[in-house]
Amino acid sequence: MGKGGRAEVKPNNANAIKAVKTTRDGHWVSPYNPLDPKAPELPSKGEIKAVIPKECFERSYLHSMYFVFRDTIMAAGCAYVAYQTLSTDLPSDLLSKDALVWFLGWNIYAFWMGCILTGHWVLAHECGHGAFSPSQTFNDFWGFIMHQALLVPYFAWQYTHAKHHRRTNNTVDGESHVPNIAKEMGLGEKMERQSGYAVIHEAIGDGPFAMFQIFAHLVIGWPLYLMGLASTGRLAQDGTMLEDGEIIDHYRPWSKMFPSKLRSKIALSTLGVIGAWVAIYYAGKEYGVLPVTLWYIGPLMWNQAWLVLYTWLQHNDPSVPQYGEDEWTWVKGALSTIDRPYGIFDFFHHKIGSTHVAHHLFHEMPFYKADVATAAIKEFLEPMGLYNYDPTPWYLAMWRVAKTCHYIDGIEGIQYYKSLEDVPLSKDSKKSD
């Protein structure tokens, strides 16, 4: 059985299960270690659900639409302030104070508008899960509008995200942020650096490689994932292993990502994305490329960065296990989710990151009841050492994950993320030989 590596743990006090565990350098460590002979028996989904108040599962048309209205008003307000204070004309002197104010102003707008639009993205995500209202037709109507406006192929992503929930932290049949194995990172059988990321890491060093990881995830990760070029699973929808270089994307109705019965819906989603790009093209012709970039593309990039950040951080940590087919169960995968604090962004993003454990256990639960459910889940799971809450600020957690979560040894058994920082450099390997 593949075991991978696990950070060394020290309890903060004698009550090790209830205490927050950390490494010797103070980093949070998941309290659950399935390799520990004394690891607790996992409860069933039904046992966990029994501790959650029933009203947490009640969905409301009015309550959900209130948040659509709230977020839309905030977006309109943000756009109004930008319209009143900023010009889309490029300053004539790019080294002037006015140019600096212009640059900072549009970047502030892009950040906060992208932050607000991530709220719409989360609401559309709720629609895909069926948590928005009791009617899936109603859900799909609003989800399609909100996601397609953000260039998300609604029905295609609805399907793959559901698979992400069904196969969380599965090294073979998982979906999104599926770990690379050592070979895929360019490491040989004796951990020699042969190609790819392993060679890039040695060439640029630890810190720059972590920065590259952040760039790859937050800037280009989302479009690469939708195109099937990064982070997808290893199996086609029929359960067969994909061949090397085979692409499963979110746009082709005949992609091996989807069953044939969904082809019409996938086509509709793709047409929606094409239609959005056509609208962007004509807006660029009518108003200019720069205004369209400032008003729409900038916020869109921040929106995409946020959504990738959440899926990246809520399931990855050097102390959280990844499971091969021989070890994986649905409960193991769901309980590998991590809740994290996001401060003020919880307000804008409907607490998607701070209540993610509850969301992965019961995706049909509306987000506005997730904090109550999280409190009940925590009270039930934490005494057993089964609730993951990392109090590390999200930006520090992002840096740590970028530095430590690079690959796993293989796709079998219980695996833990390892870091290229711990792999000997080629020059050192040659000296030892």
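Which residue lies over the face of phenylalanine 57? That is lysine 49, at 4.9 Å from the ring centre. A charge counts as over a ring if NZ of Lys or CZ of Arg is within 6 Å of the ring centre and within 35 degrees of the ring normal. Arginine 166 lies over the face of tyrosine 159 in this sense, at 5.9 Å from the ring centre.

Before going on, the sources. This is a predicted model, in which local features need pLDDT of at least 70 and side-chain atom pairs count only at pLDDT 80 or more, while totals for chains, interfaces and linings use all residues. Residues are numbered from 1 along each chain as its sequence is written, and side-chain values use heavy atoms, with hydrogens and water left out.

Now the ring pairs. A pair of aromatic rings is described by the distance of the centres and the angle of the planes. Rings of Phe, Tyr and Trp (its six-membered ring) pair if their centres lie within 6.5 Å; planes under 30 degrees apart count as stacked, over 60 as edge-to-face, and the rest as tilted. The structure holds 35 such aromatic pairs. One of them joins phenylalanine 111 and tryptophan 112, edge-to-face, with 5.0 Å centre to centre and 85° between the planes. Phenylalanine 111 is buried at 18% relative accessibility, whereas tryptophan 112 is partly exposed at 31%. Here buried means under 20% relative accessible area, exposed over 50%, and partly exposed in between, with a 1.4 Å probe and protein chains only.

Why is the pair of tryptophan 222 and tyrosine 225 called tilted? Its planes are at 40°, with the centres 6.0 Å apart, so the pair is tilted. Both residues lie in helix 8 (residues 221-226), three residues apart, about one turn of the helix. Helices here are DSSP runs of H or I, at least four residues, numbered from the N terminus. Tryptophan 222 is buried, with a relative accessible area of 6%, and tyrosine 225 is buried, also with 6%.

Ring pairs also link a cluster, and among its members are Phe111, Trp112, Trp302, Trp306 and Tyr310.

Next, helix 5, residues 154-166. The expected span is 1.5 Å times one less than the number of residues. For the 13 residues of helix 5 that gives 18 Å, and the end C-alpha atoms are 18 Å apart, which agrees. Helix 5 is mostly covered, with ten of its 13 residues buried. The buried ones include Tyr154, Trp157 and His161. What covers them includes helix 3 (97-129), helix 4 (136-149), helix 8 and helix 9 (263-287), where contact means heavy atoms within 4.5 Å.

In the loop between helix 5 and helix 6 (196-204) we find serine 176, which has a positive phi of about 75° although it is not a glycine. Histidine 177 is in the loop between helix 5 and helix 6 as well, and its phi is near 60°, also positive. Serine 176 is buried at 16%, and histidine 177 is buried at 15%.

Last, the cysteines. How many disulfides are there? With a disulfide taken as a pair of cysteine sulfur atoms within 2.5 Å, the count is zero. The sulfur of cysteine 56 is 20 Å from the closest cysteine sulfur, in cysteine 127, too far for a bond. For cysteine 78, the closest is in cysteine 115, at 9.4 Å, again too far.

Note on methods:
Helix = DSSP H or I, 4+ residues; strand = E, 2+ residues; numbered from the N terminus.
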